[in-house]
Amino acid sequence: MGKTIRAMSKSLQKMLRHAKSALETSLHGPPAERVGRYQDFLKIENRRLLSLHRAGAGGMDVARGRSTMMDTLLHYVFRAAIGSEPMTAVHETIALELCLVATGGYGRGELNPCSDVDVLFLLPGARGPTLAQTNAVVEQVLYPLWDLGLKVGHATRTIGECVEQAGKDMQARTALLEARFLEGSREVFAAFQRAMEEDCLSGHAQEYIRERLDDQARRHSKHGESVFVQEPNVKNGCGGLRDLQSLLWIARFKAGIQTLEPLQQRGLLAQIEAGRLNRAYDFLMRVRNELHYANRRAVDEITLSAQPRVAEALGYRQRDVLRRIEAFMRDYYRHARDIYVLTESLAERMALEEEPRRGFGRWSRLFSFGNRVEKLEGCLVLKDGMIEFDGVSRFPSSAHDLMRVFRLAQIRDARIGAGLQSLIRNHLKLVNREFLYSSRAREVFLSILRSKGEVGRILRAMHECGFLGRYFPEFGKLDCLVQHEFYHRYTADEHTLLAIEKLDDVLNATVNPAAAYSRIFQQLENPGLLYLAILLHDTGKGVRTRHHSDASAECAQRVARRFCMDNESHRTLIWMVDHHMTMSSLAQRRDIEDPSTIEDFVEIVGTRERLDMLHLLTFVDGQAVGGGVWNEWRQSLLWQLHDRAARALSASGVERVDAETQRERLRSLTASRLPVFITEDEIAAHFAQMPSRYWRRIDDDELVWHFEILHAFLERLMDEASEGAPVVVRWRHFPDRAYSEAVVCSWDRHGLFAKIAGSFAASRINILNADIYTRSDDLVLDIFQVCDLEHHAIQDASKMAQMEQLLALSLGGNSKVSFTDAIRQEYESMRHIPHQDEERFPTVVTFNNDDSRDYTILEIQTPDRLGLLHHILQVLTGCGLDIGLAKISTEKGAAMDVFYLTDTEGRKVVEPDRLASVRNELLEAVETLNAPYRHP
């Protein structure tokens, strides 16, 4: 660090010497020559700053270095403008009356590599230079800067106009409050500062605070309401640079404070906290500098694709890219959390408002509300909904005192004051091995977990104080841990806390989807066990094993022993943690209409209580993933599995529907409901020739609709028999379930499913599920659940018409439809093309011959893209495989597709050599498809 500081100091000295030698002589030269010298100066100094950044210079050092570089350049540009022709005769007047001012981030002296250079040309008022004279100088300043390719934000205003603008717009007021003198008249600048103080600061504190908090709430809402999002925004996100800047702006209005040092002097900020804030801010500035350098433009979002490059550039040298990303992002989250938590604490200590206000995120809960004080246990007091230390007694004497604080906060529905939080953080060493095994501590903690609907807030407070990770070392390993599963939007610890908070929300929910689970949760007799299972369900991710569920179950085993649980609770806790992904996996990747699937699941579950707890755990786990991964389609699958398993448990076994019995039942039910134009021959053929599994899956309403579709196809066949292969597509829409159903009827032929999938893809329609039925007379009735690219039911009639037209053309004898070209054109016309990252989204192909009696199950995980299914099906068709069922799932850039396969004889595929050949062809096809979209 010392070497870096010395290097930075030497660099600034070199910069000033360089400027004097390179720019002094250009003051009176021709404009073109001056611009050339400016350009050479910037080129050398920018390289010098980049070298310092690469050598490990602090983020603030580089930002201040660029600010100083611009100050130096503008010094010479302004002097040249004042002295340039035809202004020579009036340059003394201009120099006395005009002031060049830095505003915004430049005004703070924090100029990142590609940030705008914001300047203000300030005039005293009506007197002074004429508008023409002023504009001539302004142009002489701005034109060279533009010629240099700099992004310059500029304005020319009088002091009165600045005050007026600041009164109208909060952002303008903030930028002007950070104004810094550069060149020109110091008297004008001093008058400007007085006017701003008198007219924009005094008496306007509450107004500014409200506007600033409004802005903060909007920023946080836009960027995920959490520090721990997968792709954080280093400037505007929660815990970003703007959070600390906002607090200091508010502090200036409230108490005339502009930096952290006065906060320390007033006892509002401890020295250790100031150190954490300064380190955090500097780290985030360093990250922002790297983002600007790497992209050669102002970029603030740390995207998934940028994380490997930023981690390497900042010196992370772990053995592989995922470990480097993990280490870098963990540092980022810890620093951002420091800014988020400590600015919140400072806001509370400064008592920024007299009344609590809704809609400003977490800060709105932190202000002082009055003077009512109630004595609590020992040395704790309750003041206006906040628990604090009385400042007199000795606290804490043991870790039990710390645990009691959280229980009291839950019982009294209170917050924990900033001072008390600081005390807890400073005494975490009291949480030792003896305390972990203490029955007294265990009972208090379990009491917290048994309070339905009131657990998440307390566990989050424990985590933010560092207590939760100390009491549960298994959970502590998840602190700021990046999750490499592409569908997770949050870090592992944040995801867990969100899941617990989602469960709290279920208790009294009145709006779906949570309301559908409310009754189950209300009737649950042992909520503490469920809360504990959620707390531990991802702890295995901190162990770095391939299958985190197994490692999480081992962590749960240790906790159960430490908590001396009874045998039943012990077994149930481990079972829930071990199987926390089972229900979701079965619902999304297995045929839940198959009785054997339900039988296997019921055998795993065992009791209705376990089923309900697992259902709740699965729901909140999915809800806490974020990024819209949980949707109505997934929920409908989960409820179908739950309801079938619940019926099986109540009936002491899975009801196996005999296909023959079901077929006859449906025949009798639909006999009187079929339209008169359906002939007896059509009815007899359908009942005789459809496969058995069809009759086990459909109900009477569907059957009536299918007969109408079949009849329409037969009519079209008669009308168009000489023109090729007819096809009929019919649609039904279920907006509340977020999907539409499309039924395709045609003759069977080689590659039919692939052509149907290609027609959907080229029309920007996603397939969620596909049931493939072929009658013995080769008539096909395929049923698809589909949605648009935003995961809604299909609303665009033109897309449906386009799909039908493409399919009809592709099935015609003279068709020249190229789905590969059509899909590529649609893909490349999309506003945002997701790039593929093979290292983060690996392609995995697996075969399973155990989970289905009649089918080989193929699972493919690969980067998603439009038309992927069509290309997969082309490979499977080319390998001589038939698809009976397809379940298609997409989660934040990754496709996880499941296919139930047989060979052309209807048998499972068991030959190792054949399965290996299919796998290789699939991998080759996917790589060929995605190669043009890989990140370089």
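Q: What phi does aspartate 384 take in the hairpin of strand 6 and strand 7?
A: Aspartate 384 takes a positive phi near 50 degrees, in a hairpin with two residues between the strands. Bear in mind that this is a predicted model.

Q: How do you know that strand 6 and strand 7 pair?
A: Two strands pair if DSSP finds at least two bridges between them. Strand 6 (residues 380-383) and strand 7 (residues 386-389) are joined by four bridges and run antiparallel. One place to look is valine 381, which stands opposite glutamate 388 in strand 7.

Q: What makes strand 7 and strand 8 a pair, and in which sense do they run?
A: At least two bridges are needed, and strand 7 and strand 8 (residues 415-416) have two, in the parallel sense. Here methionine 386 stands opposite arginine 415 in strand 8.

Q: Which residues of helix 7 are buried?
A: In helix 7 (residues 159-168), Ile159, Cys162, Val163 and Ala166 are buried. They cover an arc of only 95 degrees around the axis, so they sit on the same side of helix 7. An α-helix has 3.6 residues a turn, so residues three or four places apart point the same way.

Q: What do the buried residues of helix 7 pack against?
A: Strand 2 (117-123), strand 3 (152-158), helix 8 (170-177) and helix 9 (186-201).

Q: Why is threonine 877 called buried?
A: Buried means under 20% relative accessible area. Threonine 877 has 13%, so it counts as buried. This threonine lies in helix 39 (residues 868-878). Leaving aside residues up to four places away in sequence, threonine 877 touches His750 and Gly751.

Q: Why does aspartate 778 count as partly exposed?
A: Buried stops under 20% and exposed starts over 50%, with partly exposed in between. Aspartate 778 comes out at 44%, so partly exposed is the label. You'll find aspartate 778 in the loop between strand 11 (766-774) and strand 12 (779-787). Its phi is near 70 degrees, a positive value in a residue other than glycine.

Q: What about cysteine 480: where does it lie, and why is it called buried?
A: Cysteine 480 is in the loop between helix 22 (473-476) and helix 23. Its relative accessibility is 0%, so it counts as buried. Phi of cysteine 480 is also positive, near 55 degrees, in a residue other than glycine.

Q: Why is cysteine 745 called buried?
A: Cysteine 745 has 0% relative accessibility, so it counts as buried.

Q: What is the omega of the cis peptide bond from asparagine 512 to proline 513?
A: Omega is near 10 degrees for that cis bond. Proline 513 lies in the loop between helix 23 (492-506) and helix 24 (515-522).

Q: How much of the protein chain counts as buried?
A: Of its 936 residues, 56%. The protein chain has 40 helices and 17 strands, and it exposes about 40400 Å², with carbon and sulfur atoms supplying 48% of that.

Q: What share of the contacts between residues at least 6 apart in sequence join residues at least 24 apart?
A: In the protein chain, that share is 72%.

Terms used
Residues are numbered from 1 along each chain as its sequence is written. This is a predicted model: local features need pLDDT of at least 70, side-chain atom pairs count only at pLDDT 80 or more; totals for chains, interfaces and linings use all residues. Side-chain values use heavy atoms; hydrogens and water are left out. Buried means under 20% relative accessible area, exposed over 50%, partly exposed in between (1.4 Å probe, protein chains only). The arc is that of the directions from the helix axis to the C-beta atoms. Contact means heavy atoms within 4.5 Å. Accessible areas come from the Shrake-Rupley method with a 1.4 Å probe; for residues, only the protein chains shown count as cover.
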